[in-house]
Amino acid sequence: MCGIVGYTGSHEASPILLAGLRRLEYRGYDSAGVATLDGPRLVLRKKAGRVRMLEESLKEEPAAGVCGISHTRWATHGPATDRNAHPHVGGDGAVAVVHNGVIENHAALRRDLEASGVAFLSQTDTEVIAHLLARELGDGDDLFDAVQRVLPRLEGTYGLAAVSPRCPGQVVGARLGSPLVVGLGEGEHLLASDPAAIAPHTARVAFLQDGEVVRLTPRDFEIRHRERGSITPRVDRLDWSPDLAELGDHAHYMLKEIREQPDTVRDACRGRLRRGEGTAAFGGLNMTARQLRRVRRVVFAACGTSWHAALVGEYLIERLANLPVEVEYAGEFRYRNAPLDDRTLVFVLSQSGETADTLGALREAKRRGHPTLAVCNVVGSTIAREADGGIYLHAGPEVGVASTKAFSAQVAVLTLLALHLGRLRQLSFPDGLAVVEALDRVPELLNQVLATEPRIVEAAERLAKARSVLYLGRDLHYPIALEGALKLKEISYIHAEGYPTAEMKHGPLALIDPETPSVFVAPRGALHAKTLSNVEEVRARLGPVIAVGTEGDADLARLADVFLPIPDAPEVVQPLLAVVPLQLLAYHVARIKGCDIDKPRNLAKSVTVE
Ligand code: F6R
């Protein structure tokens, strides 16, 4: 989703701003722009399309200056055009502003401004901020004060940054519901919506909280809260090296991240398996064993791929801990009257830790007085900071818009959680130990799955011609079928649906014909014979079948047009293995179709609007 980078220091700003924007490209966007302060002049350059197009235009018409702001926009109000790209300017170049989030009362503000003679150049909600700021600045010269006077008039969410030629060397930022982080360098300061843009410059950062406004100069920075006045900032250290987010020899980030998964699972489990006690332990839950034993129900709230991981968690926790679990779409949960008693534990899951709906669900649960926990990847993200406790994924930066390794890390962590909750209840030591041993072997088994990639390419060639694909799985593999379908649709734009295998005959079977392939997720397990009958039903209607199954399963291999083997493993860890062929399948279909794999159309990595 939209990205912000601001800089003030002694170096030329525009190359730093562009490099920062490139590091945010993975979030998804459709236009980009910069504004720099060149003496008394505000220089503005913006372009619909990729950052590289902005870069080309800057070669022709450079933007000089050692202070500036920049933005990648993901269209909400008005299409992706040069005019709608940020920064937006008010008062004939008196001020420029970039903004993430949505100003919900923009229409009323625009009417007032137009009535007083202001001419708008764009269709965006953001432009009202530029004009309000220009008006507040008037003949005065304090942008920091002007921003603080304008903010109370804005309804909605914002992470914003502004510069004005009247305040040389200053970048002012403000946050309400959309993240902003300050980077503390030597003789320079940066402001960004994502630490990825800052990491190459400095590891010292200060995360802004909602309601805070910041002023950066090359030498210092000052934060004020709209109610509490001046704030002493907490300085954190970023714990990931910028190199982790580099592509290296891989053709795409998605492929790199799929191939990293043996390490991802190892890192998610590192230091958390307790072989001697046949259980798992976590540092950050902030709940005692006694408190966890009192829990009678778990509610997971998440979106997209994280929601699918939560669904695997539901099956696992029910199986290992015999605890009732409900999985909610965060965007629904936050506005529903979901009954929660005081022994319900609310868990939110989010790779980015910034997803607006998931954050809303967390805040709603907290408002109602429930203990809240979070499973997050990005350290220091809003969700990680606001939850009462939680579990980090340690998956490293995930850049591909289609989530892969974060899903595996989430499933690994939820397997550990199910084990932990189970061992606090009825799960015996030998049964717990069997889970520990199974998890221990997963990285090695994942390497075996990755080695089957050539066979997956063969399956991809068949799928690439399809217009619609069904994904089917039972029990623990039903969420994997959903995740496989989501991966295919988001990066290859082929329509795909996931269903529980048994549901097929209640409707989707009507879709089966020689042009509509089905992908069965069917490793050997207690319900395998039933699944084989379902595959037969599809074959009888001439539907092509791709099957993910246990190596050596001759019955399934005979029925399938393409059989994708995964190694034999206990059922509780099979989802971690079975998802990988589906990720690779989607990847290769998208590659064959020539799609923009790491930046699928219309999608964003971190969805910070509702
Ligand atoms: C799909 C995908 C999205 C995200 C969803 C939640 O590949 O990436 O569906 O899973 O937007 O994002 P997080 O986990 O960051 O809250």
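How many residues surround the ligand, and which are the closest? In this model 15 residues surround the ligand, and the closest are Ser306, Ser350, Ser352, Thr355 and Glu490, where a residue is near a molecule if one of its heavy atoms lies within 4 Å of it.

Before I go on, please keep in mind that this is a predicted model, in which local features need pLDDT of at least 70 and side-chain atom pairs count only at pLDDT 80 or more, while totals for chains, interfaces and linings use all residues. Residues are numbered from 1 along each chain as its sequence is written, and side-chain values use heavy atoms, with hydrogens and water left out.

Let me stay with the ligand for a moment. By class, its shell has 5 nonpolar, 8 polar and 2 charged residues; here Ala, Val, Leu, Ile, Met, Phe, Trp, Tyr, Cys and Pro count as nonpolar, Asp, Glu, Lys and Arg as charged, and the others, Gly among them, as polar. Two helices, α9 (304-321) and α16 (477-492), each supply at least two residues of that shell, and helices here are DSSP runs of H or I with at least four residues, numbered from the N terminus.

Turning to individual atoms, an N or O atom in the side chain of Ser350 is 2.6 Å from an oxygen atom of the ligand, a backbone N or O atom of Gln351 lies 2.7 Å from a ligand oxygen, and a polar side-chain atom of Ser352 also lies 2.7 Å from an oxygen atom of the ligand. Taken alone the ligand exposes 400 Å², and the protein buries 90% of that, with accessible areas coming from the Shrake-Rupley method with a 1.4 Å probe.

Now to Thr124, which lies in the loop between α3 (106-115) and α4 (127-137). Is Thr124 buried or exposed? At 1% relative accessibility Thr124 counts as buried, a word that means under 20% relative accessible area (1.4 Å probe, protein chains only). The side chains of Thr124 and His88 are joined by a polar contact of 3.4 Å, that is, a pair of N or O atoms within 3.5 Å, of which, within protein, one must be able to donate a hydrogen and the other to accept it, and residues adjacent in sequence count only if both atoms are side-chain atoms. A polar atom of the Thr124 side chain also lies 3.2 Å from the backbone nitrogen of Glu127.

Finally, the cysteines: Cys376 is buried, with a relative accessible area of 1%, and Cys595 is buried too, at 15%.

Conventions: Buried means under 20% relative accessible area, exposed over 50%, partly exposed in between (1.4 Å probe, protein chains only).
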